Amino acid sequence: MAKPMIYVAEPSRILSRIISTQLEAAGYETQIFSNGLAVLKKIVCEDPSLIICDRDMTVINGLELCSILKTGSSKSNIPIILISADEKIFDFWNGSSQANKVLSISSQNVDSLIEAVKELLDFEYVEADSFLVQDEKFSDEEKLISWLVNSMGKNEVFLNMIRNVVKLYPCVKNTGTLVQNIFKIFYTACEYDIISLILDGQSTFIYTSGTENFSASVLQDFLNICKTEYEQQAKKNHTVTYEEIKISGIINSLNVNSHIENLEEEKSPDSFKNENRLESYYSYVIKTEKEFVGTLHFAATRKKIFNYKVQSSIEFVLPALANILQESVQRSELSLQERKLRSAFSKFIPEQVMNDLLNSNSSQELNNNNEKRNVVILMCDIRNFTSISEINKAEDVVKFLNTYFTHMVDIVKKYGGTVDKFVGDAVMVLFGAPISYNDNAKRAVAAAIEMFTQLDKIPCGQLKFPEGIKLDIGIGIHYGEVIVGQIGSADKTNYTVIGDTVNVASRLEGLTKLYGARLIISEAVYDELDDSVNALLLDSVKVKGKKASVQIYRVDEKPLSAEFIEVYEKGFKSYNEGAFSLAIPYFEKALEYMPQDKAAKLMLERCNDFSVNKPENWDGAIALTSK
């Protein structure tokens, strides 16, 4: 035989767990809910043996849940125990609630609750017939609405408000549409003539409807009252700037005009505006359990339209509306922040990286705490830029740089890189932060190759070049560990990277001048590449400020001649082993194949020098003294 099922609707996690544990020890099954609306959604399709509910719950409290279930509901036979930790209004509950039992409860006296459960369930319990046909084609929301229709059929206005509030959830993505539907719901409860909703947030929005039916002076008085009440509730310590949004189509101007009594002749709309005066006003504070959401304001040209029935109906749905409105405002603000973020970073970060950042899971999220991470650093610099700047106007140089950087950044974004910073005519690019890929090094090299192969397509405008000089760049790429995160002062921080890897990448970029290569990569980068990359081992160096040697490779879009590569590699092997005299003929042969190659010339000069003046403690790496 199945155990009796008891619903425990209690917002306190501690108390609900204590009650549930005691009930289960007494032989009952339990389900825990944090609010009355959750119970209603569940009870549409199920019949518990008993319900325990706390008076003080969000969305729908215990008193309201009792009223819904016990008045005209097919679930009215289900026993309900209403509980509270407050003893002061115990008698009030006993007289006004429709619960089977009303108990003052705490974590110390759960025994009395268990006894009350046993007492109620000792009676022969007849399950209430469910009027709803269990058909999978109906959603849970539709079942709830249908059930509420049958349960609250005696109060059509109240019922319609409940039903329509449930329907509002799909509108949460668009605050304007949501507010418009809320205004319509309230108009069914009371035919107000003007309404205002002020929502709290980063920006303060004031939504109004019915304003077209009143003169400027009456409208201004109404809005001043609304704003004053909002600011008192919001506790703003600064001047509030309102963004007003008018919603039309809610209030029929004919209905408004019909409220004016003793009209002797037909009058123009403008004359109605002049005659309309507000005689009734009511306002509500909208808040969730923890946060202030905004204020709601009604006014009418008739007196006493906000009776108890209207007020209580609106007050009943406000907690649910508060949660919906808060979520909508938060979504709107997040959407606005995302648009601003995209606008600010779209010039530096590729669209895919931006999407990954905004949709990342917990393992990818940008961590504000600085962290160590392996990142590929690309440094790019314009050759002879000082000489170019000296013969050009500053405005022409700036205009060219903007064009040049636009082209370079577009390429970087294409391959998933992130522009870290611009330093004069230099660009520092990250591959691996904030978003990392499995092939960061390959992406960086591919981007670098496209950067120097696309130089001819960059318009130079009015920029002049010294004789014998054309637009050219040098790129250095290194891969290693860096510190990445928000780095800076208390007043200003930037998401960037620091570490020795950055310094080495900068030194490699500088070596492109010495070795006559557009792109130089470190061994750490080379090890991450496949055979499709046209790379040649140039040298083993100790860059300025570093004791450890770094093997450097030249990378080209197209492969160098096989003959050149063969003799250069043999020459470098002899050079690296200290056999300088043996290396000389290989580098001489290399220059026969490529007479203008600066690396072969440099290595030949060293071999001629070192064959006479052999360096001490030679380990195959040359120590460089310049950056």
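Two strands are taken to pair if DSSP finds at least two bridges between them, and the close-up views below, all drawn from a predicted model, begin with a pair of this kind.

View 1. Strand S6 (residues 194-199) and strand S7 (residues 204-209) pair in the antiparallel sense, with five bridges between them, and Ile195 has Ser209 in S7 as its bridge partner. Helix H8 (residues 175-189) lies across S6, S7 and strand S10 (292-300), and its direction runs at about 140 degrees to S6. Helix H9 (residues 216-234) also packs on the sheet, where it touches S6, S7, S8, S9 and S10 and makes an angle of about 155 degrees with the direction of S10. The open sheet itself is formed by five strands in the order S8-S7-S6-S10-S9, with mixed pairing. Its edges are strand S8 (242-246) and strand S9 (280-287), each of which pairs on one side only. Neighbouring strands of this sheet are turned against each other by 15 degrees on average, direction ignored.

View 2. Five strands in the order S2-S1-S3-S4-S5 form an open sheet with parallel pairing, and its edge strands, each pairing on one side only, are strand S2 (29-33) and S5. From one strand to the next, the twist averages 20 degrees. Strand S1 (residues 5-9) runs parallel to S2 and is joined to S2 by five bridges, and within this pair Val8 has Ile32 in S2 as its bridge partner. Helix H1 (residues 13-25) lies across S1, S2, strand S3 (50-54) and strand S4 (80-84), running at about 170 degrees to S2. H5 packs on the sheet as well, touching S1, S3, S4 and S5, and its direction makes about 170 degrees with that of S5.

View 3. Ser107 is placed in the loop between strand S5 (101-104) and helix H5 (110-121). Leaving aside residues up to four places away in sequence, Ser107 touches Leu15 and Ile18. Leu15 is 92 residues from Ser107 in sequence, yet the two lie 5.9 Å apart in space, C-alpha to C-alpha.

**View 4. The packing of helices H19 and H20.** Helix H19 (residues 562-576) and helix H20 (residues 580-593) pack at an angle of about 160 degrees, their axes being 8 Å apart. Angles over 145 degrees count as roughly antiparallel, and H19 and H20 are therefore roughly antiparallel to each other. Their crossing is left-handed. The residues that meet include Phe564, Val567, Tyr568 and Phe572 in H19 and Leu582, Ala583, Tyr586 and Phe587 in H20. By class, the residues of the contact of H19 with H20 divide into 12 nonpolar, two polar and three charged.

**View 5. The packing of helices H20 and H21.** The axes of H20 and helix H21 (residues 598-610) come within 9 Å and cross at roughly 155 degrees, which makes H20 roughly antiparallel to H21. This crossing, too, is left-handed. Among the residues that make the contact are Ile584, Phe587 and Leu591 of H20, together with Met603, Leu604, Cys607 and Phe610 of H21. The contact of H20 with H21 has 11 nonpolar, one polar and two charged residues.

Methods. Residues numbered from 1 in each chain as written. Predicted model: local features only at pLDDT ≥ 70, side-chain atom pairs only at ≥ 80, totals over all residues. Heavy atoms only, no water. Axes fitted to C-alpha atoms, helices over the stretch in contact; angles between N-to-C directions. Helix = DSSP H or I, 4+ residues; strand = E, 2+ residues; numbered from the N terminus. Parallel < 35°, antiparallel > 145°, perpendicular 65-115°, else oblique. Left-handed = near helix turned anticlockwise from the far one by under 90°. Contact = heavy atoms within 4.5 Å. Nonpolar A, V, L, I, M, F, W, Y, C, P; charged D, E, K, R; others polar.
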